[in-house]
Amino acid sequence: EDDLLYLDEHLVAIHKPSGLSVHRGWDQGERFALQETRDLVGQYVYPVHRLDRPTSGVLVFALSSEGARALQESLQAEDATKRYLALVRGIPAEEGLIDHPIPARSGGERVEACTSVRRVGTIRGRYSLVEATLHTGRLHQIRRHFKHISHPLIGDTKYGKGEHNRLFRTEYNLTRLALHAFHLSFR
């Protein structure tokens, strides 16, 4: 119940915790956001976008297949906004755009990927809290982009640095990826 952010006749928005997959895919776990949301609202729900398993934050499901198609189109429109907060190693520029192609899901060819970055604050002169706004939605886009600019996310076991992850695990009990989808807007 605490995870329910919004509900109307067309869609439901939830807070997805870190460690929970959206649906069964690569993950062979027993719990999924799709099933938990279905149980929460008492009806079938349709995924319209995804968040990586280690990412927490706003996740939207449609309540009909027609609604899912419409929401997917809305989320791909230019006026849709997806913003994330991330804790990264180092001090990136105050603002900037990372325009760097990344490998497509199937591997091989690279596809366009753009992320706007705004530094929100610094921690201990060695780390930064940043806001990342997606202009494209690629697999691991934020994680890959911050690694590309040499500011990997804290808690990222795939693209990050073990020594920094261990420091945050030991000193702050941060045992997850420091990436949170905090804002989603669309028509």
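A residue counts as buried when its relative accessible area is under 20%. Gln141 has a relative accessible area of 2%, so Gln141 is buried. The model described here is predicted.

Gln141 belongs to helix H3, which covers residues 141-148. Its contacts beyond four places in sequence were listed. They include Ile102, Ala113, Cys114 and Thr115. Leu134, His135 and Thr136 also touch Gln141.

Strand S2 spans residues 11-16. Of its 6 residues, 5 are buried, so strand S2 is largely enclosed by the rest of the structure. Strand S2 pairs with strand S1, residues 4-7, through 3 bridges. These two strands run antiparallel. They form a hairpin, with 3 residues between S1 and S2. Within this pairing, Leu4 stands opposite Ile14 of S2. Strand S2 also pairs with strand S4, residues 56-62. This pairing is antiparallel as well and has 6 bridges. Here Val12 faces Phe61 of S4 as its opposite residue.

Aromatic pairs were searched for across the whole structure, and 3 were found. One of them joins Tyr44 and Tyr46. The ring centres of Tyr44 and Tyr46 are 4.8 Å apart, and the angle between the planes is 75°. The pair is edge-to-face. Tyr44 has a relative accessible area of 45% and is partly exposed. Tyr46 is also partly exposed, at 28%.

A further pair is formed by Tyr127 and Phe168. The ring centres of Tyr127 and Phe168 are 4.8 Å apart and the planes meet at 85°, so this pair is edge-to-face. Tyr127 lies in strand S10, residues 127-134, whereas Phe168 lies in helix H4, residues 162-172. The pair therefore ties together parts that are 41 residues apart in sequence. Both Tyr127 and Phe168 are buried. Ring pairs also bring in Tyr172, so that Tyr127, Phe168 and Tyr172 are linked into a cluster.

Tyr44 sits in the loop between helix H1 (33-41) and strand S3 (46-47). Leu34 is 10 residues from Tyr44 in sequence. In space, the C-alpha atoms of Tyr44 and Leu34 are 8.7 Å apart. Residues up to four places away in sequence set aside, Tyr44 touches Arg38, Ala62 and Leu63.

The whole structure was also searched for cavities. The search finds 1 cavity of 30 Å³ or more. The volume of the largest cavity is about 50 Å³. Strand S5 (81-89) and strand S11 (179-185) are the elements that give two or more residues to its lining. The lining of the largest cavity includes Lys82, Arg83 and Tyr84. Ala181, His183 and Leu184 line this cavity too. His49, Leu51 and Val58 complete the lining. By class, the lining has 5 nonpolar, 2 polar and 2 charged residues.

Conventions. Residues numbered from 1 in each chain as written. Predicted model: local features only at pLDDT ≥ 70, side-chain atom pairs only at ≥ 80, totals over all residues. Heavy atoms only, no water. 1 Å grid on protein atoms, 1.4 Å probe; cavity = no way out; pocket = protein on both sides within 12 Å on 5 of 7 lines; lining within 4 Å. Points joined across faces, edges and corners; volume = space filled by probe spheres on them. Helix = DSSP H or I, 4+ residues; strand = E, 2+ residues; numbered from the N terminus. Nonpolar A, V, L, I, M, F, W, Y, C, P; charged D, E, K, R; others polar. Phe/Tyr/Trp six-rings, centres within 6.5 Å; stacked < 30°, edge-to-face > 60°. Buried < 20%, exposed > 50% of the residue type's maximum accessible area, 1.4 Å probe, protein only. Contact = heavy atoms within 4.5 Å. Pairing = 2+ DSSP bridges.
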